[in-house]
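Hi everyone, thanks for coming.

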Amino acid sequence: MSNQKASFLVVANRLPVDSVTDADGNRHWRRSPGGLVTALHPVLQAEKGTWVGWAGNAGPAPEAFDLEGVRLHPVSISQAEVQRYYEGFSNASLWPLYHDAVETRTFRRSWWAAYEEVNQRFATIAAEEAAQNAVVWVQDYQLQLVPAMLRQMRPDLRIGFFLHIPFPPVELFMQMPQRVQILKGLLGADLVGFQRPFAAQNFLRLTKHLLGLQPRGHYVAVDDDLADERLVRAESFPISIDTATNESIAAEPEVIKRAEEIRNELGDPRTIILGVDRLDYTKGIELRLKAFRELLEDGELSVPDTVMVQVATPSRERVEHYMKLRNKVELEVGRINGDFGQVGGPAVHYLHQSYDRRELTALYRAADIMAVTPMRDGMNLVAKEYVSSRLDNTGALLLSEFAGAAGELHQAYQVNPHDMAALKQGFLEAMHASDTDKIKRMRAMRRHVRKHDVQRWARRFLSALGVPEQQALSRQCL
Ligand code: ADQ
């Protein structure tokens, strides 16, 4: 393993690897699937880069190691820190607050102390691993203090930060007891990226409201101890998917066959409605189920003509709100199936499981209506994955206005999921639309997702950060 310093680093809560045990009982690391990894891996390889992150198990971290030409530097997080930094401050304070407080946020001083401490640990490792004038790209809400901590130690670095979730309006952000520290943490970056223009505006407005700075256009000048004046740029960079890979999986004969099997197994209904989400209260699963139940009660829909499949990936199962949500969702599914199901033919097929990419793509291919109805979502990649899987341009996407994806997928059937009547109407509109209308919409959305893929997202962000195009970002390289 090389001890060379890296000229490009990614700093994220999680390392992009899973620990797997093979048939002989040997444990080894495997690159985890996912858009972010796909987009950044070639840049990391070309730059002999380093990814700093948590390996996912509490306790001492394994040694740094190389995998497929990328150096991975695990960060240790203790059991108490998992509870306070990760489950506590990140997922019970920041997550609900940044998602419009759709669930009550909790603030605890001990959580904050752990958040600061863990952020410092990430920043220190990145500072040690970075070469002179290196580029460091920090990811997401768990690490908002890292940019300023890093700049303090290494003013020579070029620092980017990308927030994957929404950034709240000023009034909401002001509730945060540590609002000044968080804002100053982010202002340590040269470039702060958001999913949507509104989020960047919220951030810039906040610098004025809270710190009295004078944002101009996409920039705000900050005066810190390290430089007379430094410009921080804040702008939107909507994330996307690895469209080419998604499309090629959707075209595989086994995936096509599996989609037909799924339809068969569901009893060959006229309409399959699909939901695929992490089991998270921001995703609007309860509202979606309620709309479906009311449509069945109203006689607008009937079983087995129409069935719903809800995949709900297990998520943050030790955080209280998530335990409660699971109970509520499962109660509602039971209620719908009790009232409208038949022997061997439930109205809602509820799957609390993770799936591999091929099975998920087969589900996308089988679904006539994809319901993506979050109450608030940074982007929502499921919406884009569905679109890219519809190779024949059929199918309908029912999309919440409150998903970042709504800013790009204008041709979706867009709804306000907080308005039950509108949500039900949206289902009916998608269901009764003519084939011509659906094909026209899907074709336009597919074109968009093809052009705006995750590789383009990474290129745009890094070139805004000032990484020379020819150095790391050429088409061939990505
Ligand atoms: P998430 O909240 O996790 O991401 P999303 O963008 O929908 O939400 O990504 C979920 C990913 O998990 C998708 O790629 C999907 O295919 C996969 N997935 C979901 N259910 C699965 C299952 N049962 N089995 C296997 N895979 C499953 C956060 C923000 C989003 C933002 C992303 C990226 O909350 O708003 O879009 O980061 O920036």
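Helices (H or I, at least four residues) and strands (E, at least two) are DSSP runs, numbered from the N terminus.

Before I go on, a word on what this is. It's a predicted model: local features need pLDDT of at least 70, side-chain atom pairs count only at pLDDT 80 or more, and totals for chains, interfaces and linings use all residues. Residues are numbered from 1 along each chain as its sequence is written.

How many of the five residues of β3 are buried? Zero, so strand β3 (residues 27-31) is hardly covered. For us, buried means 20 or more other C-beta atoms within 10 Å of a residue's own, exposed means 12 or fewer, and partly exposed is in between, with C-beta atoms placed from the backbone.

Now for a strand with another story. Strand β7 (residues 130-139) has seven of its ten residues buried, so it is largely enclosed by the rest of the structure. On one side, five bridges join β7 to strand β1 (residues 6-14), running parallel, and F8 stands opposite V135 in β7. β7 also runs parallel to strand β8 (residues 158-162), again over five bridges, with V136 opposite I159 in β8.

V136 brings me to the core. The largest nonpolar core has 149 residues, and V11, V136, L397, L398 and L399 have the most contacts inside it. Helix α3 (residues 109-129) gives the most to this core, with nine residues. A core here is a set of buried Ala, Val, Leu, Ile, Met, Phe, Trp, Tyr and Cys residues joined through C-beta atoms within 7 Å. In soluble globular proteins, nonpolar side chains tend to be buried together.

And the ligand? Which residues are closest to it? H164, T313, G378, M379 and L381, out of 19 that surround it; the cut-off is a C-beta atom, placed from the backbone, within 6 Å. α13 (381-389) gives the most to this shell, with three residues. The shell divides into nine nonpolar, seven polar and three charged residues. Ala, Val, Leu, Ile, Met, Phe, Trp, Tyr, Cys and Pro count as nonpolar, Asp, Glu, Lys and Arg as charged, and the others, Gly among them, as polar.

A cis peptide bond joins V303 and P304, with omega about 10°, and P304 sits in the loop between α10 (285-297) and β13. E68 isn't a glycine, yet has a positive phi of about 50°. E68 is exposed, with 12 other C-beta atoms within 10 Å. R316, in the loop between β13 and α11 (320-340), has a positive phi near 40°.

That's my tour, thanks!

Note on methods
Pairing = 2+ DSSP bridges.
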